[in-house]
Amino acid sequence: MDNDVSAGSTTSTVGRLALGITLLAFGLGSTKVIDGVTTADAVSLAHYVGGVALFLVGLLAFRDRDTATGTAFSALGALWFTWAVTAGNQMSDNAAGLFLLLFALVALSLALGATGGVLDQGTYGLLFVSMLLLAIARFAGNDSLGKVAGWFAVAAGLVAWYAATAVLAKWPTALPRRAGGRGVTAAG
């Protein structure tokens with residue numbers, strides 16, 4: 001791997017950490033892999049870290065004229081905040097599915113427009129798959145599909161966490177490139 005560690009400002013690093021831990025908590029709650037832990041247990045974290053903090057980080061990115069990061073984090077912050085304050089309210093499965101589908105479309109837009117490199121594209125792409133599967137699970141009333149979606153959220157959270165930690169620890173953040181357009185062969 002290239003040792004490209006210039007993958008973001010302090011603002012994007014804080015945002016990736018906030019997004020990463022929110023996705024990890026939400027995803028692990030969705031999988032129900034930890035006894036007694038559900039998505040309801042992620043509501044406070046999603047409200048304050050995923051919602052308020054991420055939204056503020058997005059506004060700071062706009063102040064720094066980083067429109068891609070500002071758009072991503074303020075949009076995701078608003079979505080996490082909305083999810084957190086409506087969690088627990090009586091809502092039909094179709095209404096919840098629609099919200100998750102709209103959340104998925106935002107994640108798809110972020111994945112397609114990500115300028116932070118493959119780690120940001122991966123985070124948003126995995127988030128898209130997770131939200132799409134969660135939407136389908138709510139429309140169909142399929143808990144098993146919801147658990148699969150949770151694992152995609154966990155993966156997205158791990159990628160976001162790695163992207164932030166890599167900058168701080170000066171770990172690689174870019175994929176290796178082939179020199180001169182030629183592939184590497186076994187003989188060298």
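Which residues do ring pairs link into a cluster? Phe26, Trp80, Trp83, Phe99 and Phe103 form that cluster. The model is predicted: local features need pLDDT of at least 70, side-chain atom pairs count only at pLDDT 80 or more, and totals for chains, interfaces and linings use all residues. Residues are numbered from 1 along each chain as its sequence is written, and side-chain values use heavy atoms, without hydrogens and water.

**View A. The Trp80 and Trp83 pair.** The whole structure contains seven aromatic pairs (Phe, Tyr or Trp rings, the six-membered ring for Trp, with centres within 6.5 Å; planes under 30 degrees apart are stacked, over 60 edge-to-face, the rest tilted). Trp80 and Trp83 are edge-to-face because their ring centres lie 5.9 Å apart with planes at 90°. Both sit in helix H3 (residues 67–86), three residues apart, about one turn of the helix (helices are DSSP runs of H or I, at least four residues, numbered from the N terminus).

**View B. The Trp161 and Trp171 pair.** With centres 6.4 Å apart and planes at 70°, this pair is also edge-to-face. Trp161 belongs to helix H6 (residues 143–169) and Trp171 to the segment after H6, so the pair ties together parts ten residues apart in sequence. Trp161 is partly exposed at 36% relative accessibility, and Trp171 is partly exposed at 35%.

**View C. Helix H5 (residues 118–140).** The buried residues of H5 include Leu119, Tyr124, Phe128 and Met131. Just after H5, Gly141 has a positive phi of about 65°.

How values were computed
Helix = DSSP H or I, 4+ residues; strand = E, 2+ residues; numbered from the N terminus. Buried < 20%, exposed > 50% of the residue type's maximum accessible area, 1.4 Å probe, protein only. Expected span 1.5 Å × (residues − 1).
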